Amino acid sequence: MGLRSRRSGRTALSLAVLRARVHLDALIADPAAYVSALRWRVLGKKLRARHRFAALMGESPRAYALWIATREPDILEEVRAVEWSASDGVGDPLVVVVDCRASVTGLADTLDSIARQSTGTPTVLLLGGSQPVSPVCEALPDLPTLTARLSAIAPPGSDGTVWVMPVAAGDTLSPLAVAAYARARRDAPDATLFYADDDLLDGAGNRHDPLFKPQWNSELFRHHDYVSGACLFACDPRRISGESPLAVRPLDHGIPVHVPLVLHHRRDRPRPVVPAMPALPYDLPHVSVVIPTRNGADLLRTCMAGLAQTDYPSFDVTIIDNDSDDPEALALLADLAKRGTRIVPWPGAFNYAAMHNAVVPQLAGPLVCLLNNDIEMTAPDWLGIMALQTLREDVGAVGARLLYPDGSIQHAGIVIGVGGGAGHAHRFAPGDAPGYFARALLPQYVSAVTAACLVLRKDRFAAVGGFDADNFTVAFNDVDLCLKLNARGWQSFYEPRACLVHHESKSRGLDTAGPKKVRFDRELEALKRIWGTDKAHDPYHHPELSQFGERFVVKL
């Protein structure tokens, strides 16, 4: 057996062992769930099995190592042949600025990773370096010297632009980083800021804690700088005016472009910062709250008690009654009507979309709050927090952070494509868990939010034709509404500082039997047909995060 064959055999054995360990981690973490997934797989219920396996295996501490071994090589191979050259319009000077001001620990590793690039020969400048540590780099003591050097690098007769890749000493680059950025520049020639995914290095140089980033999300960036230190941007030294050329200001660069590849391996990176509660103005617009119900007196009573305690300048409440026949519920509705709550009868089959399409145009407020009857308020400022975000010109539907009664997360935004349709981000995670890089706690743009507690402008609801009552009578009507709003430039928004309890039964699950399953399957197929949710990637998710789970775990 030759040396190459022996190496190949050892690699295959190591991979098999790694895969077995990931499965073992999943089995140990939740034996019952793992056995259920196996049983579903044997019974041919592949989609359900993949959902369960994705969640279990993705939580393994070895999951990322398995991803690196099995998926990353093929993904990176697609860019290997791309050159950073003048002939295709991406040949402007490329400068890697290694920031040594805080530390020079690991600098040799940084320089070695730059030297191993598959294409291009970037100029290497050491900011804060006292002397060159390699013949291929130049040490510059301070920012003014760096600015002058960048100006000198720009070719005579050019517009003075230099492409800068800032790297902290100790961080390393993927061997294909320059090639990947070159391809991104070729695909988006007008863009001036590109950012890539990154992970962390431990003391032994092992990679861990990957940050698979969304496409540009300006609201999320306000609370988590996921760009600086893992990017490439056009820098005109003549416009620096004393500021650091390493400072990344995305608003100066139009819409930044995401390169969905792990190109940067870092010793440290900026951390998310959970914002304080917003200051609410006194002149927020009137809100019309609309609640559909059928019986469920205890749920409705709790919901109405929470509204009575809500601190908001002006709102009214309309209840759509879908054939309540329970005496307690009827007595409650009669009492609420006497106290000024508008009750609208809606007889016949339950059609969430149709009943709201009929009632919303009649509402008084410029803002509408869609509210389930099983929502419980935990703080009085929830409505003000949500209404404030609807006043932004680029915002459509605003959704809250919802918890199950046991405190676990029920809704933290909706991810398109989960299971071929859509799923709730971070569902079933502990209520105090920050989620994937604190995204359960950070305001951000999302593809959709649930209508269990949703606030939007009434005129925008009308502008997109309201709900689609033909295709989405019960399920996915909120997703369809949000996607229609997004298409008009009114992006869905997740506001976790408004946090409520949703008394939806965790044991109920999907509609999996009888007429309900038939209806659900029909609505899921409509979502796929209209919006392509079984093929498209959610721009606020990532292609390498599993679409068979709601917990932001790597695709395996």
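**Group meeting: strands, cores and cavities**

Let me start with strand β15, which pairs with strand β21 (residues 491-502) in the parallel sense over seven bridges. Two strands count as paired if DSSP finds at least two bridges between them. Helices (H or I, at least four residues) and strands (E, at least two) are DSSP runs, numbered from the N terminus.

This is a predicted model, in which local features need pLDDT of at least 70 and side-chain atom pairs count only at pLDDT 80 or more, while totals for chains, interfaces and linings use all residues. Residues are numbered from 1 along each chain as its sequence is written, and side-chain values use heavy atoms, with hydrogens and water left out.

Back to β15. Opposite leucine 402 stands leucine 500 in β21. With strand β20 (residues 453-457), β15 pairs in the antiparallel sense over two bridges, and glycine 399 has leucine 454 in β20 as its bridge partner. Strand β16 (residues 409-411) also runs antiparallel to β15, joined by two bridges. There, leucine 403 stands opposite isoleucine 409. The hairpin of β15 and β16 has five residues between the strands, and in it glycine 407 takes a positive phi near 95°.

Is strand β15 buried or exposed? Nine of the nine residues of β15 (residues 395-403) are buried, so the strand is largely enclosed by the rest of the structure. Buried means under 20% relative accessible area, exposed over 50%, and partly exposed in between (1.4 Å probe, protein chains only).

Next, the cores. A nonpolar core is a set of buried Ala, Val, Leu, Ile, Met, Phe, Trp, Tyr and Cys residues joined through side-chain atoms within 4.5 Å. The largest one has 75 residues, and Val98, Val227, Val259 and Leu263 touch the most other members. Helix α8 (residues 177-187) gives the most to this core, namely seven residues. A second, separate core has 43 residues, including Val368, Val449, Phe472 and Leu481. In soluble globular proteins, nonpolar side chains tend to be buried together.

Threonine 341 counts as buried because its relative accessible area is 13%. Leaving out residues up to four places away in sequence, threonine 341 touches Met304, Val317, Ile319 and Leu336; contact means heavy atoms within 4.5 Å.

On a 1 Å grid over the protein atoms alone, a cavity is a set of points where a 1.4 Å probe fits but cannot get out, a pocket is an open set with protein on both sides within 12 Å along at least five of seven lines, and lining residues have an atom within 4 Å of a point. Grid points are joined across faces, edges and corners, and a volume is the space filled by probe spheres set on the points.

The second largest pocket has a volume of about 480 Å³. Its lining has 23 residues, with Gly58, Glu59, Tyr436, Phe552 and Val553 nearest the centre. β7 gives the most to that lining, with four residues.

How many cavities of 30 Å³ or more are there? The count is three. The largest cavity holds about 90 Å³ of space. Of its 14 lining residues, Val415, Ala425, Arg439, Val446 and Phe552 lie nearest the centre. The second largest cavity has a volume of about 50 Å³, and its lining includes Tyr436, Phe437 and Arg439.
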